[in-house]
Amino acid sequence: MTSISRRQALLATASAPVALAAPGFAMADGHAAKKMSMSKARGFQLGDLQVTTLLAGTTPREAPHSIFGLNVGDDEFAKVSADNFIGTDSAQFYFTPTVISNGSEVILFDTGLNPAGITAALADAGYAPGDITHVVLTHMHGDHVGGLMNDGTPTFANAAYITGQIEYDHWAAAGNDGFDAKVKPLADKMSFIGDGDSVVSGVTAMAAFGHTPGHMTYMLESGGKQLLLMADLANHYVWSLAYPDWEVKFDADKAAAAATRRKVLGMVATDKIPVIGYHMPFPAAGFVETRDDGFHYVPVSYQMMG
């Protein structure tokens, strides 16, 4: 039997032809690996519902402590960040609408920053804008309504539009340019719902006020399974979800937002309900467990593949 040293084995492996390249890479003419473009869509199965998260945009943001943890000191923010292997100089923001299909209706939840981002992500999921039967707006911040209109024309020409009455009334009276440009032109196609109302069978609105005056989450139910679209309930998997009492710059009512986070995250942790979060790292789906006095985000791996 021939003895092979560890060094010899590593050298042999390095020089051998690559039969199975790592996901996202391909060999170019037998030389350096070339990065492949990442799909902007990830599908999940929930009973009879096809659920797809859509990466409509992603961008870095500097100085995250000026956004998250406004009520904690620099040392605490730095320690929590280091404990979770993330830096304090910048953060990566994700903008992830969700589309669901029940076989007859195709429902889009939020629309991203702009028409180009959401339509590209929908294309990766196999949908055209004209396929969308309903657009549901969880709230009216610009990164959720930005894809509604394209140069004055509705991006989703065949859709009905649904949002919370409290949220709509607030922004309609606020004199907001984004609302006036993106949402107001669709007023005659807009329907309004409240806490506990249904968009369609198996899609129920749940009040989650604080981030905005009428911010809503949506519970999906099919085949005895549940999944919560938590929208902006928590804006970061560590600096907001794990530490629900940390104040977030974008929350209109910071005390109410923190109380809502604790209540809803406690529910999904206790009942082991998976969540999709608009700003969670793509594909934006995971589970929540309790940890110390807060929570811990567990990203999906192969769950809900169908």
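User: Before we start, what should I know about the model and its numbering?
Analyst: Local features need pLDDT of at least 70 in this predicted model, side-chain atom pairs count only at pLDDT 80 or more, and totals for chains, interfaces and linings use all residues. Residues are numbered from 1 along each chain as its sequence is written, and side-chain values use heavy atoms, with hydrogens and water left out.

User: How many aromatic pairs are there?
Analyst: The count comes to 10, where rings of Phe, Tyr and Trp (its six-membered ring) pair if their centres lie within 6.5 Å, and planes under 30 degrees apart count as stacked, over 60 as edge-to-face and the rest as tilted. One of them joins Tyr168 and Phe179 edge-to-face, at 5.3 Å centre to centre with 70° between the planes.

User: And which parts does the pair of Tyr168 and Phe179 tie together?
Analyst: Tyr168 lies in helix 5 (residues 165–172) and Phe179 in helix 6 (residues 177–182), so the pair ties together parts that are 11 residues apart in sequence; helices here are DSSP runs of H or I with at least four residues, and strands are E runs of at least two, numbered from the N terminus.

User: Are those two buried or exposed?
Analyst: Both Tyr168 and Phe179 are buried, meaning under 20% relative accessible area, with exposed over 50% and partly exposed in between (1.4 Å probe, protein chains only).

User: Which residues do ring pairs link into a cluster?
Analyst: The cluster consists of Phe68, Phe77, Phe93, Trp239, Tyr243, Trp246 and Phe250.
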